[in-house]
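User: I'm new to this one and would like to go through it slowly. Could you show it to me before we start?

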Amino acid sequence: MIHLRDVARVYSAGETAVHALAGVSLDIDRGEFVAIMGQSGSGKSTLMNIIGLLDRPTAGEYRLGERDVSRLPEDARARLRGRGFGFVFQSYNLLPRMTALEQVELPLIYQGAPDRRRRAAEALVRVGLADRIRHVPTELSGGEQQRVALARSLVVNPLVLLADEPTGALDTATGEELMRLLTALVDEQGLTVVLVTHEAEVATHARRTVRMRDGRIIEDTGARAGARAGGTAS
Ligand SMILES: Nc1ncnc2c1ncn2[C@@H]1O[C@H](COP(=O)(O)OP(=O)(O)OP(=O)(O)O)[C@@H](O)[C@H]1O
Ligand SMILES: [Mg+2]
């Protein structure tokens, strides 16, 4: 589903150029659960931003399904991004005065979707928060807040969930709980998850681990046949 070929991303910072991605080729199938690991500055977030259509490669090719999305203009990218991708970050980015239910309804309001209340409530049930839907963020634990953020990104039924350090602000046990939840979503609902983490323990929940260094993929373990980094073009 996701096909990257020789993708580069160069940032110009004053006089110097930063090669955040220096030729990344990666294929991710529907229903995969992939962890991306690597030192700070190795290009993980840059890669996630490109996959999630928040950013464009400087060079190389990105195909999403059958479609070449490497050089789409911003409005077309925004449309595809809204339908195709859910994002979860280390910070939950919840709005302070809104209940869990209202936060999860927001993306549906932007889409003008029908049945918003019911769908938002269902998404909260999926993440195990049926009994917290009227709570505002200050009345929720960190793990619960992260699950509200997860429900908010899942409510639009994205093809791919992109999670950049989602357990970064959680204690170990709460992080484990979140990872079990993601595993269940992959196994039971066929969600595709790409997750960035520093913690080896967290990465063990993923089926496949991609390791980056200096803007390159240096290792890819557990990939399905035909879907591995640097594999032959398909
Ligand atoms: N907007 C930008 N302008 C210039 N350089 C940038 C920009 N964003 C990132 N970089 C540089 O690109 C490189 C890769 O950054 P990236 O954020 O992808 O790393 P990362 O692997 O996500 O690191 P971390 O684990 O710390 O989040 C870094 O050297 C960083 O300084
Ligand atoms: Mg990062």
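Analyst: The crossing of helix 3 and helix 5 is right-handed, where right-handed means that the near helix is turned clockwise from the far one by less than a right angle. This is a predicted model, in which local features need pLDDT of at least 70 and side-chain atom pairs count only at pLDDT 80 or more, while totals for chains, interfaces and linings use all residues. Residues are numbered from 1 along each chain, chains are lettered from A and ligands numbered from 1 as written, and side-chain values use heavy atoms, without hydrogens and water.

User: At what angle do helix 3 and helix 5 cross?

Analyst: Their axes, which are lines fitted to C-alpha atoms over the stretch in contact, cross at roughly 30° and come within 7 Å. Helix 3 and helix 5 are therefore roughly parallel (angles under 35 degrees, on a scale from 0 to 180 between N-to-C directions).

User: Which residues make that contact?

Analyst: With contact meaning heavy atoms within 4.5 Å, helix 3 gives Ala 100, Gln 103, Val 104 and Pro 107, and helix 5 gives Val 148, Ala 151 and Arg 152.

Conventions. Helices (H or I, at least four residues) and strands (E, at least two) are DSSP runs, numbered from the N terminus. Angles under 35 degrees count as roughly parallel, over 145 as roughly antiparallel, 65 to 115 as roughly perpendicular and the rest as oblique.
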